[in-house]
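Here are some notes for you to read alongside the coordinates.

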Number of protein chains: 2
Amino acid sequence: MYIGIDVGGTSIKAGVVNHAGDIITKYAVPTPLDNNENFLKAMLESVQVALKEANVKADEIEAIGIGAPGVVDREKGLLVNSPNIPYINAPVREYLQKNLKNVPVLVENDANSAALGEYYKADNAKNFVFITLGTGVGGGVVIDGKLFTGTNGAAGELGHVVIHAGGRKCGCGREGCWEAYASVTGLIKTTKEHKDEIKGIKEGDRISGRTVFELAKKGDKDAERVRNMWIEEVAIGITDMVNIFQPDELVVGGAISKEGDVIMEPIREYVKKHSFNVGELKRTNIVASRIGGDAGIIGAALLYKNKSEG
Amino acid sequence: MYIGIDVGGTSIKAGVVNHAGDIITKYAVPTPLDNNENFLKAMLESVQVALKEANVKADEIEAIGIGAPGVVDREKGLLVNSPNIPYINAPVREYLQKNLKNVPVLVENDANSAALGEYYKADNAKNFVFITLGTGVGGGVVIDGKLFTGTNGAAGELGHVVIHAGGRKCGCGREGCWEAYASVTGLIKTTKEHKDEIKGIKEGDRISGRTVFELAKKGDKDAERVRNMWIEEVAIGITDMVNIFQPDELVVGGAISKEGDVIMEPIREYVKKHSFNVGELKRTNIVASRIGGDAGIIGAALLYKNKSEG
């Protein structure tokens, strides 16, 4: 049995997860936003409650994995820092080993953890790409069955490839990154840029990532057009990833992936039409997230398994 | 001892290569452009002369590798087809095994072969990216010491990522691919688009990939500006590759890479400024090709070594 911990800006979620990647129980606590000590205590609490509810003893745990935003130190087992959570070098490995059980504690970037969770739920994939569309565009890559993090641990920043050179300023400092267009933040920006063309949007309406999706469902053709502009931005970057990695499977995650085939069908068509193809290649299977918000817990839990196997 | 064969549109080059990746001798013959049979005969001749000049017997050969443009069938050992050479399903494995020696014969895409050649000459790299700037932009990727070709064998089409969405039409069918800007063909196009601004270019002058480089060396500021525009297009894509792969080393090949630091210095500066960086990451070493036109022979020769080791 493994423990997977998904650290987010609003909650810390811990799950007891079996070897097959199924969550036995999970428990969430609010993320303390004051100091390392309270953060570590809250993380421990989330694990202890999850264990208790699963009726699993600490002795039965083989490894603990933690997926967290921002920078992690895999060697020392630290959460170094995060844009949203004010811990600094939180010694999660040491703390959990001392207070719970002296087992391997692995730390990983949250998008990579989620990628691994989706990978283990994929159909017979060896090469695998995960894209998550949220505030930003995150990514994770599995090559030949192993999570790929590059030499310095920072590979897979798939949102930070330029698709519109000289375009929108991105949080990373570049101009025209995929993330600046294909994220939900990018969708909101595109919606705002075109709001005067969309009859369903009234002056003073709050615009969210759902706005054009909801209006399009009601038959608003202008909203549909703007929604499709965004889907095409997503598809351009996915086509790039297919040309680079030719994975068995590419999974699209993030809350917006729940829109399902409204998004996925046009993406599949676009990729089929525009991706590099010579002869009759086996094509990448492109699907929406299978496990949604649980991907982070499951992937974190399976970090140790991925590191040890093969 | 290995044999490496680099198949090109004008010549077939065979080399006798040792385990360290050094060429003992090489021999080139013109590429027959009529049929499979003459193509196969010429390939065999190039090998036989190289062996003779190296004073190496066929018995001493452990494996043969062939790098070729277009589509190859790694399983069956065929050169399936190529945009420049009119063979169809040329049975190179069968032919060389029958006429030379019954050893492993591996076939690979030419950019991947060249990537492997450069990889084995790199300084202590495990994750490695090769870019070649020529008529197109080719690429090859080594992950954890192994040539990465994706599930269907077609991964690493690094030139076919979009950096100017909606921009120049690319040979692959997309609009705005990196290749359409960063290739030498792209450089010529950019030079032509700006030729009226460059005093050194007279009406009727033939414009090549060297034009702005040569004029800039003579002090032509307008030519220098256009040259730098092209260098920036190259650097945008390289920054993307660093963000995706965070390799130990990225090598830039193709004849134009002989311009050396005129190109490489601004690329390094651009990547340093624009690539994703959190904390103090080990940075990718970005260098020009170490082995130039020999990369294809050396990489092809070492295909078997790469496949067998680790």
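Predicted model: local features only at pLDDT ≥ 70, side-chain atom pairs only at ≥ 80, totals over all residues.

Residues are numbered from 1 along each chain as its sequence is written, and chains are lettered from A and ligands numbered from 1 in the order in which they are written.

1. The α7 and α8 pair in chain A. Helices here are DSSP runs of H or I with at least four residues, strands are E runs of at least two, and both are numbered from the N terminus. Helix α7 covers residues 221-245 of chain A and helix α8 residues 261-274; they pack at about 50 degrees with axes 9 Å apart. The axes are lines fitted to C-alpha atoms over the stretch in contact, and angles run from 0 to 180 degrees between N-to-C directions. The two helices are therefore oblique to each other (under 35 degrees is roughly parallel, over 145 roughly antiparallel, 65 to 115 roughly perpendicular, and the rest oblique).

2. Who meets whom in that pair. From α7(A), the contact includes Asn228(A), Ile231(A), Glu232(A) and Val234(A), and from α8(A) it includes Ile263(A), Pro266(A) and Tyr270(A). Contact means C-beta atoms, placed from the backbone, within 7 Å. By class, there are 10 nonpolar, three polar and one charged residues in the contact of α7(A) with α8(A). Ala, Val, Leu, Ile, Met, Phe, Trp, Tyr, Cys and Pro count as nonpolar, Asp, Glu, Lys and Arg as charged, and the others, Gly among them, as polar.

3. The α7 and α8 pair in chain B. Helix α7 (residues 221-245) and helix α8 (residues 261-274) of chain B pack with axes 9 Å apart, at an angle of about 50 degrees. That makes α7(B) oblique to α8(B), and their crossing is right-handed. Among the residues making the contact are Ala235(B), Ile238(B), Thr239(B) and Val242(B) of α7(B), along with Ile267(B), Val271(B) and His274(B) of α8(B). The contact of α7(B) with α8(B) divides into 10 nonpolar, three polar and one charged.

4. Another helix pair in chain A. Helix α2 (residues 92-99) of chain A packs against α1(A) at about 50 degrees, with the axes 11 Å apart. That makes α1(A) oblique to α2(A), and α1(A) passes α2(A) in a right-handed crossing. Leu40(A), Met43(A) and Leu44(A) in α1(A) meet Val92(A), Tyr95(A), Leu96(A) and Asn99(A) in α2(A). This contact of α1(A) with α2(A) has six nonpolar, one polar and no charged residues.

5. Domains of chain A. Chain A is divided into domain 1 (2-116 + 294-308) and domain 2 (126-289), with bounds from an automatic or database domain assignment. The domain centres, taken over C-alpha atoms, are separated by 28 Å. Eight residues from domain 1 of chain A and 14 residues from domain 2 of chain A form the contact. On the side of domain 1, helix α3 (residues 110-120) of chain A gives the most, with five residues. The residues on that side divide into five nonpolar, two polar and one charged.

6. Between the chains. The contact takes 37 residues from chain B and 37 residues from chain A. On the chain B side, α7(B) gives the most, with five residues. The residues of that side divide into 19 nonpolar, 12 polar and six charged.

7. Two backbone angles to look at. Most residues other than glycine have a negative phi. Asn55(A), which is not a glycine, has a positive phi of about 60 degrees, and lies in the loop between α1 (36-54) and β4 (63-68) of chain A. Asn124(B) has a positive phi near 55 degrees and lies in the loop between α3 (110-121) and β8 (128-133) of chain B. Are these sites buried or exposed? Asn55(A) counts as exposed because it has 10 C-beta neighbours inside 10 Å, and Asn124(B) is exposed, with 7 other C-beta atoms within 10 Å. The cut-offs are 20 or more other C-beta atoms within 10 Å for buried, 12 or fewer for exposed, and partly exposed in between, with C-beta atoms placed from the backbone.

8. A glycine in a strand. Gly139(B) lies in strand β9 (residues 137-143) of chain B and counts as buried, with 28 C-beta neighbours inside 10 Å. Not counting residues up to four places away in sequence, Gly139(B) touches residues including Ala111(B), Phe130(B) and Leu158(B).

Technical notes
Contact = placed C-beta atoms within 7 Å. Left-handed = near helix turned anticlockwise from the far one by under 90°.
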